[in-house]
Every structure is written in structure tokens, then in C-alpha cells.
Amino acid sequence: MSVNDRPWRKSLGARIIVVFLALLLAVQLVSFASLRISLSRHAHNEMPAKLERGEQLLRTLLERRVVAVADVTKVTASDFGFSTVLFADDHDEDHERTITSNLDSLRTRVEATEVAFLGLDGAVQHRSSGGDAAAVASVAAQLRPQLPANGFASEIMRVGGLPYQVVAVPVMKPRVVGWILIAFPLGEKLQHDVKSLSGTDLTLLTRASAREPWAVAMTTLAGANANDLAENGWGAPTAPDAMASVPSQGDELGVHALPLGADRRLDGGVLALISLSVSDAVRLPADLQFQLILITLTAIGVFAAGSVVTARRVTTPLRGLADAAERLGAGDYATPMRGLTRGDELGALSQSFERMRISVAENQAQILRLAYWDTLTALPNRARFREAVGDALRDAADARLANGAEFGVAVVMLDLNRFKHVNDVLGYSVGDQVLVGIAERLSRALARDGDVVARLSGDEFAILLRRTDAAQAEALALRIERSLEQPLVLGEHKVDMGAGIGIACWPLHADDADSLLVRAEMAMYAAKRQTNGPVTYDPAIDATSVQTLTLISELRQAVDRNELRLYLQPKLALEDRRVVGAEALVRWQHPTRGLVPPMQFIPFAEQTGFIRTLTMWVFEEAARCWQILADEGLQLRLSVNLSTRDLLDLDLPQKFAALLARHEVPAKAFCLEITESAIMDDPQRALATLDALSAMGFKLSIDDFGTGYSSLAYLKRLPVDELKIDQSFVRNMQSDRDDEMIVRSTIDLAHNLGIMVVAEGVETAEAWNLLRELKCDQAQGYHMGKPMPVTEFSAWCASWGMRRAAGDADGALLLH
Amino acid sequence: MLARTALLAALLCVGAAARAATVDVAVSDAAGSPLADAVVMLEPVGAKLPVKPMVGAQIAQHDLRFSPQVSVVTVGTPVMFPNQDTVKHHVYSYSPAKTFQIKLYAGVPHTPIVFDKPGVAVLGCNIHDGMLAWVIVTETPLWARSAGGHAKVLDVPPGSYQIHVWHSSLAETTPPQLLPLTVAASDVEQRVRLGPGGLVK
């Protein structure tokens, strides 16, 4: 049976009521049953005594009768006239009638059925008139052995199947001369007296001998009950304090058996059975039954009312708790519990709920803090910032709708430069302090309430400006940049932190919060690339970016589609104009866009890591070219650019070694060019890689030297063979004395350290000559030769070689 | 005196006809105690010994008692009932042996009562319930009364007899106390005991 089939199971209150009433009914049933049992036990305990009383009563009634009869008879027996008549000498008929009439009058007085005179031999000498002569003879015959020599006899005997009471009173003249015999059947009066005086039933059984069954002579019971009693057999008299139990007609009769015969044996004669019905004794009196039913009904009513009240007292607070739990589940942690003052279990439960509510509310707040706030800087995190931006945009939009206020919202986003370097060199603890310091500076830079500073991720921060415009945002960005120029002092460390700062404004640059954030981020990355101060979002950045994304995916296919081309730009010795090497450069021959400039895909290849594939492609292609050129008799050293990611790849030396082996090219045929910044990102790993490469025999070159922060002293620790002075210095050295000084001193210092110097961007003969004066070792630039495919390069080398052989003394005339 | 008379009679009767024996009967009650004043009669079997009525027998009433209480008389003996008290008596007997009444009288009644049937007559007084007497009417001359538990019947001729013992303690419903006895020429000692079913040795 399912729960649905028992609706009361759904309700605790109904259950309580049902259980209460069921318990009450059980108790009532048990008490009824125990009442019945105790009544039965009581009856069984009491019945033997009652039966005993019935038996005593029967004996007494019989004895009283005997005494009464004897008293009356003695008068006659002692009457001299009676004796005179009895022993008269003349035995004629008149005399006999006289005697008979005398006995008849006695019979009337004692209310007997038979009166007779017995001689000394016990034989009937005279008897009253009428009556049953055979019965009298039977009585006399049975009585004879018991007649006392000198006295009185009384007996109960079976006569003609009926129980008779017999009394014999001696006639003393002066000694016994005979007996007056009084006999009468036991009758209804005796039964009535026994029944009415003791409440017991009386049954008299008779039988002629032990071989015969008992027959019912008379009874106050129903005939069927009496027959059941007769059939019981009755082997022995019942002990005074016991009773025989005889089942009869579905009832049980408690019986005392009392033999009334002469010898008190049960082999014949008369047996009196005093009986009581057990079920009558056990039966509850009607008025008691009525009272019990009344009590039960009253108790049910009282219990029902009480259990309803109790159930209400329990279920009402439970419902309150259930409602409260529902509220908690729905996220309402503010409403306090009720019933806290109750002293019982429900009160304790309410208090537990209340503690749980408070605890959950606190946890909720904590979760919100963790979800929306950065634990290190105590600034909002990206999620919170995003919400704040959304809120600000909605407020601004509402303000516009409400009063036409033309306020904008700006997001300034910044990403720290070289933060990873700080972490690696100075430790994460200092890194964290740097972040906290930056957060403080940013917060200080904000003047207005409502503006929000957030830490978006690692070293990325953002500022939300409400009710502002692009100009204010840019001013703030500049202020921030200036504040970052002050080095952070952290204990013994002084840390310079720069940052790329991007700005995007609503509604100028974006319609919604997410795109506003994306565009601020784009501007920030653009600023980092340009390293030229804050950048405000411009659709052009975005367009390039989108184009770049497309290019990156196409670039991946370019290798397979064989769209990449290797270009070589010659490197010449300034001293003798001999071609000593070439820089291997990659070009992308896009099927639709034509030749894609390196600046459009190299930086993004670096960002995505694809640069490693490019590097390997260039290296392998360069190895192949070297072999071709070598076959043509050109023993050149080819320079290959390595990116930051290449340097961090610890497997790079092995990969290069494998390629060298495959193409059977010596390592010293290559110069590997590394930018300063590539080394500085992770100096230790970079140094390890460089040491390994140097050990293999590769020549190493620092590219774009002068643009970074590395010092020559630091370079000294690197296994570097060559410096390439950045072309910006070379181009300007003739017009700018400072640049010339930088080039000159760089060359001098490099030479002092035993490092060869290469100048890039040599575009004029003047530059060539000046570099030659400055003792620069090699030069590379359009003035001598631009990057060109390998086949062109071979041809170029051939023509260059011929011109040089022709003794072209003036280097300035070389190309143009 | 009565016994002596009877003895003399017996001596006279059997005389020289044969040498007579003495029968000594030791009488005890059912418990075995010797009985005094028991009447032992030897009744010949199949014959009758001649017996004469006794003379001068009387039972007086004195101090509201019969005196003697037990009398043995031969059949036909007339007995006088002299009233020696100052109150009247009404002597009666309803015994089969002799039914009679001597209604209220004082002094000596004129006529004696003749006990003409053998048996035991129980005598009472209708005025005084406590008065009781027995008259044993015997047909045989061979009888004796016990003293110290012994009754000696003298001059018993040889022959078959029935010993008949009566004692006042016997109930009326008790059967006669009889026991056969053969007497030869010599004296006989017989020990008897009264019993509810009859006399036993």
C-alpha cells in the first residue's frame, strides 16, 4: 500500500491523533480483557466457596427436615396410646384400621408420603394407607442393615429411581420394640430452597449400581445441562475447596458433587450436584457494561480533543519552521525565526534554525566577497568590475533618458610590464607587495566617488569612470602613467613598474559592458605593443586585430600550403666589403593578399606560440639554403632570429641538432639572433638555452641592441659573439650626435669585451663610411642589399663579387 | 433363692437316672471382659426336659426401681408385682414373650402375671420411664446365672444342647446367643463370648 492510499500519513497532526486514539483503544481493550480475565479468575476462585455454601445449605436443609420429622415422630413413638394400640392382643380388622389411621395422621403431620412401623427385625408390620407398598418395602429392606440397636436412623436412598429421604424413629417400650418409618421423595421445595438461598443449581442423580449410568431425578438446570452433568460419570466426591468443571452446551459448569447415599460411596444411590454457570459468573453486569462504555466514549472524546490540541501545538511551529526553511532555500536570510522563546525541543529546533540562518547569511556574504572581491588587494575582481560597468552603463543610459544628460562611461585598463620578471627574480611575496602598491596608487589616482578600481587578473587592473568622457579618461591614464614612473620601494628593493594603458569609452567605442571591456583591453595591448604611452581605443586597432586573427589561422595553413618564403639579406664586412653572411627572414606569399609584411604576422605568431613553428621552418630552410650556397662555393654564416618562446623551449638545442644532422650543416654556419627583451623575460632559462646553443657551436647575436634595458655588463655574462646595433641609432647617427656617441661607444665597449658589432639599417654610403670609421665590423642594409629570395641572393652575390673584384674602391658607389 | 429352687428341682428330676455333669460356662462380652449376671441356659436339642412353674416369684417396685431387675422363671411361673413405693406404678410389657399391663396400682395387685411363653419380657413403668426390668422365661431347667464371669450349670445329663446366653446389655435387635454343646458324663468347661452375630467360643 502506498503512502497516497493513507492520507493521514501525510499529516503529522493526523498521525498524532490516530496514534493517541489507537493507544487509548488499545489500553481500553487491554483493560476490558484484563477485567474479563480477573472476573473469570475471581469467579473461578469464588465458585468453589459458593458451591461449598450451596452444599452446606443442602446438608442443612436435609438435616433440618430430619430433625423436624423426628421431633414430630418421637411424640407419636412415645405416646402410650399408640403403643397400646400397636401391641394390642386382639388382631382384628378394626384394630388394624386403627393402627393405619394412627400412622396416617402422623404422615399428615410430618408431610411425608409413607409412614410405616417396622418390627425389631426391620420388617414392615404396619403402614399408612394408600401409598406405594413396594416403595415402603424397598425402603425397609435398604434401611434394615442400618437400623441402630437402640436409636434413630435417617437416610437418603434411591427408591423406584427417585431420591427418598427416610427417617426411622425407635419406639421405646421401654426398650426398643420397633421403629416408626417416615419416607418421602426429595422434591421441588428442596430445590427451590437451595436455589433461592444459595443461588446454586441443584441436580439429583440416581443409579441402582456403579455399573449403571447416572440418571437425572430432578434438577433446577435446563434438561440438556443436567444430562451433560449426568454423563460426566462422577467417580469421586469433590473436595471442599475445589470444583469440578463440566463443559455443557457451550458453557462451563462448576460443580460440587455430594453423595447422599447411605455409605457415601458412589456405586449407587443418590448423588447431589451443586452447580454454577461460569459464564454467568464471568458476565459483566449490564449496568457495569454501560458504565464502561460510557467511560470509554468519554475518554475517546477527551483524548481526541487533547490530541488535536497537542498536534496543533506541534505542527504549527513545524509549519513555521518549514516556511522558514523555504525562505532560506529561496535566499531570504533576513527574516528571523519565530518561536525562539519556546523551552521545548521545537524551541531548540527554532534556535538551531536561527543559528543556521545567521551562519548561512554570513557564509553567503563571505561567498559574495570571495566571488566579487580580490583578497590580495581588497579590490573588486573582474566579475564585480563587469557588474559595476554594467550598472554604470544602465545608470548613464537612464540618466540620458530621464534628463538628457550626456555623460559617458570610460574604462581604463592597464597591464604591468615585466611583472613576471619581478615575481621570478624577487619572489612572489615581493610580487604581491608590488600588486598591493599598484592598487594603492591607482586608488589614490582616483579623485571621485563612484569610480571603481579593480584587479582583473594577475597584473591586470582596470578603472571605471562614471560621468566622464574620453578626454578625462586620457588625462587619468596619463596621471596613472606618471604615478607609475615613481619606483616602488619595497624594503630593500626598488622596483620600476611600467604598464600598458588602454582606454575605451561608452557610448563612443562600445554599446555594452562586455564590448567596452574588450575594447579597453585591445587598446591596452596596443599600448603595450607601441610602448608609447596610453592608447585610446580606435576602430583601426580593432580592425587590425580581427584581420590578425584571420591571418593567424591562415598562417597555420601557410606552412602546409607552402606559402612561406625564405629571404636572405646580405651582411658585409665593413673592412673589405666581403659578403660574410646573411640574415634569414621569412616572408608570406598570401594567395590573395600578396606578400604579407612580417610586422603583420610575426608579433601574433609570437603571442600564440606559432612562432616556434616558424622558427623551425626558417632554420630548416636556412640549412637547406646554406647547402645550396655552399655548393655554389659561398661559405656564408646565416643568421636566424629566435623569439622569447624559442629561448624558453628547453628542447630547442636538441631540435636544432637534429636538423643540423639531417642537413649535414655545421652549427658554426649559423648565427642565432636574440632580442634583449627575449632574454630579459626569463634570464635564467634563456641563459641556460644560450649556453647550450653556444656549446653546440652556434654563434649568438643580440638583436636590436640599445632598445632594451640590458647593460653591457650583463651581456658580458652571456656567451654572445655579436651585437646588432638597432637601426634607429644607425639611421640617425649622422644627424644626431647622441646617437653617434651611442653607436661609437657601443662599438668600443663591445670590442673591449671581444664582441663583434653589426650595424643594421645602413641605407646610405655616408652611413657605411661612418661605420667604417667607427671600426664597426659588419653592416646590413638597403644600401648594400635588401632581403631577397635565395635564387636572387645567389645572383646578387655573384654580381657583388664581380663589382668588388673590379676594384670599386669607393664603397659609396656600390649600389646606387 | 430362685436358683437354689431350680437346682433342687434339677436334682430331683435327673436323680439316679444317670450320672450328671457340671457345665461351667465362662461368659465374656464382645470385648472379652467377664460378664456378671448373665443368664446361661442349656436347651436340649430335639427333646424337652420336664420343667415346672416356679412358686413365689415376684418382682417388687422399690425406690422407683424394679427389684430384681433380671428374673429367670420357668414357663408358666406366676410372678407377683408388689409396689413397695408410696407412688403408683403402671407396669407393662409389650414383649412378644408376655404382653401385659398392670394399670396404676399401689400395694400388691390381686393376681400375679403368669409368664406362659418362653422368651424375654421387657418390663417398664408407664409413669416412670427409667424403670426397666427383664423376665427371662425359660423352658429348660438347666440354667444358671454368672458370677465372676462363670455360670455353673449343675447336673447336666449327657446329651446335645444349645448354650443360650442372655445378658441385659444385649440389644433387642441382636439375634439369640446360641452355641451347640455336647455333654458327656464328665464336667464341661465352655468359654463363650457374646457377639452381634451370635454366641462364639
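Reader: Before anything else, what does pLDDT stand for in terms of confidence?

Author: pLDDT is the predictor's confidence in each residue, from 0 to 100, and it applies here since this is a predicted model. In chain B, pLDDT stays under 50 over residues 6–17, a stretch for which the model has 15 contacts beyond four places in sequence.

Reader: ok, and how should I treat a stretch like that?

Author: Where pLDDT is low, the predicted coordinates should not be read in detail.

Reader: Which elements of chain B have the lowest and the highest mean pLDDT?

Author: Among the elements of chain B, helix α1(B), residues 2–14, has the lowest mean pLDDT at 47, whereas β7(B) has the highest at 95. For chain B as a whole the mean pLDDT is 87, and 91% of its residues reach 70 or more.

Reader: And what is the mean pLDDT of chain A?

Author: The mean for chain A is 84, with 94% of its residues at 70 or more, although pLDDT stays under 50 over residues 809–813 of chain A, for which the model has eight contacts beyond four places in sequence.

Reader: Back to β7 of chain B, which sheet is it in?

Author: β7(B) belongs to an open sheet of three strands in the order β3-β7-β10, with mixed pairing. Because β3 (57–58) and β10 (113–115) of chain B each have a single partner strand, they stand at the edges, and one side of each is left without a neighbour in the sheet.

Reader: how do β3 and β7 pair there, parallel or antiparallel?

Author: β3(B) and β7(B), the latter spanning residues 77–80, pair in the parallel sense over two bridges, and B:Gln58 has B:Met80 in β7(B) as its bridge partner.

Reader: Switching to chain A, how many helices and strands does it have?

Author: Chain A has 26 helices and 27 strands, and five strands of chain A form an open, antiparallel sheet in the order β2-β1-β5-β4-β3. The edge strands of that sheet are β2 (124–127) and β3 (153–159) of chain A, each of which pairs on one side only.

Reader: Which helix packs on it, touching β3, β4 and β5?

Author: That is helix α1(A), residues 12–77, whose direction makes about 35 degrees with that of β4(A). Helix α3(A), residues 93–110, also packs on the sheet, touching β1, β2 and β5 of chain A.

Reader: last one, how many residues does each chain bring to the contact?

Author: The contact takes 11 residues from chain B and 13 residues from chain A, and those on the chain B side divide into four nonpolar, five polar and two charged. For the complex, the predictor gives an ipTM of 0.80 and a pTM of 0.49.

How values were computed:
Residues numbered from 1 in each chain as written. Chains lettered and ligands numbered in written order. Predicted model: local features only at pLDDT ≥ 70, side-chain atom pairs only at ≥ 80, totals over all residues. Pairing = 2+ DSSP bridges. Helix = DSSP H or I, 4+ residues; strand = E, 2+ residues; numbered from the N terminus. Contact = placed C-beta atoms within 7 Å. Nonpolar A, V, L, I, M, F, W, Y, C, P; charged D, E, K, R; others polar. Axes fitted to C-alpha atoms, helices over the stretch in contact; angles between N-to-C directions.
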